[in-house]
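Biologist: I have a structure open and want to talk it through. Can we start with how some of the helices pack?

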Amino acid sequence: MNGSRRNSGSSLVSSSSASSNLSHLEEDTWILWGRIVNEWEEVRKKKEKQLKDLVRKGIPHHFRAIVWQLLCNAQNMPIKDQYSELLKMTSPCEKLIRRDIARTYPEHEFFKEKDSLGQEVLFNVMKAYSLVDREVGYCQGSAFIVGLLLMQMPEEEAFCVFVKLMQDYRLRELFKPSMAELGLCMYQFESMIQEQLPELHMHFQAQSFHTSMYASSWFLTIFLTSYPLPVATRIFDIFMCEGLEIVFRVGLAILQMNQAELIQLDMEGMLQHFQKVIPHQFDSGPDKVIQAAYQVKYNAKKMKKLEKEYTTIKTKEMEEQVEIKRLRTENRLLKQRIDTLEKESASLADRLIQGQVTRAQEAEENYLVKRELTTVKQQSEEATAQLEQARKTIRQLQQQPQAKGPPRFSEESVLQLEKELVQARLKEAESQCALKEMQDKILDMEKRNSSLPDDTNVARLQEELIGVKLREAEALTGLKELRQQVRDLEEHWQRHLARTASRWKDSPKKNTLSELQDELMSVRLREAEVQAELRETRQRLLEMETQNQIHSNQLRRAEQESRCLQERVQTLTTQNKDLHVQLQEIKRRQAEIECKSKEEVMAVRLREADNIAAMAELQQQISELEIQKEEGKVQGQLNHTDSSQYIRDLKDQISELKQEICCLKGQKGLVSQPSFDGIHIVNHYMGVGESYQSSDDDGAKDPDLQSLQPRGGGRIRLRAKLEDTDSDEEDGEDGDALRLSVPQIKSTTV
């Protein structure tokens, strides 16, 4: 198979049309190029200018393969030895290559037939390069360049030349997925048009006719898809020697030659002109366009300057794209933040409404407390008024003359005074209980204040505590005063009892004085009772004010805590967003790693399948070689022994086999079983490809070969007429014939 591919390429190099009809000029050209090839290193170093002139005039067809390899230094490349190994591997681009094979040179004899040798070798070279350079892989335009190389040389050499072109001639940058180099070439070419053909450039801009619409294929395929193959091949000769400069020159020369027609056309007309009119302008030959190309002004320094400008523009565009991506990411994050803030705002609005409801309830409670306070104040005022009235009564009684007879008090008044004393003591006990409850509340508040962790409210809590202690001190002083008054009243009561016990014995004057003293005592008791009630109301008022202040402080602290919680929630949401972004990035990386691992597993499985297929193919070849060996043995027996004797032996063997078959039929009860009525022995020799040049004269001169050649052809047919009733089921023509096929052996030269 490899031999057929190599000789197919060499047959394209050495065309059978070149013969003794060459002119003297062509013979001189051949001799000159033969010397150049033999003395390549010396010519390349010392006569580079003369070599360029010769290449511009055209490389002879039969020297193209070797000269192209010498121009790009593709001889003896180490990758050539890896080519056969690369063909055994599996490429991810195989489906794309198979799809585009039929589109590559569809009218050329070497490539137009499906699954032909040309399509096979083109597929092999493209597949091998896609495995060598996985970043580039496969691009459709590269198949035309490889096809042109295969028209001139075998596939291994074409593969090496293509690798060199991709590496050293800027083609790899052109065929990368980003195609950054193609954009640079378009920018440089458009600048040349603007400088040298300003009117045409203005017309292109007016019609929105971009350079890439007609010139991209020129750079990607080196004019192979745009112009006839002879013209494109001449341009490719110069490209191999001088690089992409010839593409700029030829492209600008074509525009100069067609400027007048293009200015009069619109965009569709210009496209039609580039596709249909311009390719047929060079049917006569490429010399005209090449001469015009080298009249075009081409400044290498300016091209470098344009390259720097394009790089700067692209860098700015990349920075702008990065900035746009960053802004889009920030916009997305801000939208997410707005959503979260809207949710937080809704929750805060709910909390605000709830807080307003709570404040309304507290305001209502405060209003009720104020109403109670006003009632207490009214009662206190009434008590003070009654106390003043009692004092006035006492003063009036003291001012009355003592001459009047003393009033008599009954036992009922004494019992009434005792009841009043008991009520005063009960009120004192109640005030003491209220005082204890206040002390307990103060202790609870101190405990709560001590349990609060907020340091900012310590000063407020201390102020509240001081206020509570001051109120407690006032309550204690009031309690002491009440106790002193109670003791005084008890002393007065004891005196009163002593007087009442002895008043029945005293004179009426003394009895009158004692009655006045009793009235005074009752007044004092009422006064003490009123004062106790007044102190109690004051104490309740202080408690209400303290509770109100405590509630206001609690509300203030709750608002501060809510603000702190909101800030903490915001920080936690930002942290959560960052963690979510990190999680998404980790998931993306994990997905990439899983995809890579799956691809590697698939590649390993594909390699294993290729290895199994290769092993099966090798086993098939071994079996074919064994069959050929057996056939060779049979042929050797037929050549060196008596044919008739050998045929008789074969007949005997056939009869014995038939007898054994009949015995087996009788034993197994098989009725309709086909029998052997002939043995076909055919020896096939695999012929070499059509590209080999063979000679029948050499075979005729060899006596050994003449002895093997029968009359009237290369096949010996021996018929063994064997009669059998079962032979009717076999084929009729050669069913009972012994055939030996011996082909004529040809000597082949490459």
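This is a predicted model: local features need pLDDT of at least 70, side-chain atom pairs count only at pLDDT 80 or more; totals for chains, interfaces and linings use all residues.

Biologist: OK, and how does helix 4 pack with helix 15?

Modeller: Helix 4 covers residues 48-57, and helix 15 covers residues 229-242. The angle is about 160°, and the axes are 8 Å apart. Angles over 145 count as roughly antiparallel. So helix 4 and helix 15 are roughly antiparallel.

Biologist: What meets what between helix 4 and helix 15?

Modeller: From helix 4, look for Lys52, Val55, Arg56 and Lys57. They meet Arg234, Asp237, Ile238, Cys241 and Glu242 in helix 15.

Biologist: How many charged residues are in the contact of helix 4 with helix 15?

Modeller: Six. The others in that contact of helix 4 with helix 15 are three nonpolar residues, and no polar ones.

Biologist: What lines the largest cavity?

Modeller: The lining is Ala424, Lys427, Glu428, Leu482, Gln485, Val486, Leu489, Ala528, Glu529 and Ala532. Helix 21 (411-451), helix 22 (458-502) and helix 23 (508-640) each give two or more of those residues. Helix 22 has the largest share, with four residues.

Biologist: And by class, what is in the lining of the largest cavity?

Modeller: Six nonpolar, one polar and three charged residues.

Biologist: Where does the largest cavity lie, in terms of domains?

Modeller: Domain 3 (321-398 + 412-452) and domain 4 (514-665) both give residues to its lining, so the largest cavity lies between them.

Biologist: What about the second largest cavity? How much space lies in it?

Modeller: About 70 Å³. Ten residues line the second largest cavity. Met438, Ile442, Arg471, Glu472 and Gln539 lie nearest its centre.

Biologist: Which helices supply the lining of the second largest cavity?

Modeller: Helix 21, helix 22 and helix 23 supply at least two residues each. Helix 22 gives the most, with four residues.

Biologist: And which domains does the lining of the second largest cavity draw from?

Modeller: At least three residues come from each of domain 3 and domain 4. By class, the lining of the second largest cavity has six nonpolar, two polar and two charged residues.

Note on methods:
Residues are numbered from 1 along each chain as its sequence is written. Side-chain values use heavy atoms; hydrogens and water are left out. Axes are lines fitted to C-alpha atoms, for helices over the stretch in contact, and angles run from 0 to 180 degrees between N-to-C directions. Angles under 35 degrees count as roughly parallel, over 145 as roughly antiparallel, 65 to 115 as roughly perpendicular and the rest as oblique. Contact means heavy atoms within 4.5 Å. Ala, Val, Leu, Ile, Met, Phe, Trp, Tyr, Cys and Pro count as nonpolar, Asp, Glu, Lys and Arg as charged, and the others, Gly among them, as polar. On a 1 Å grid over the protein atoms alone, a cavity is a set of points where a 1.4 Å probe fits but cannot get out, and a pocket is an open set with protein on both sides within 12 Å along at least five of seven lines; lining residues have an atom within 4 Å of a point. Domain bounds come from an automatic or database domain assignment. Grid points are joined across faces, edges and corners, and a volume is the space filled by probe spheres set on the points.
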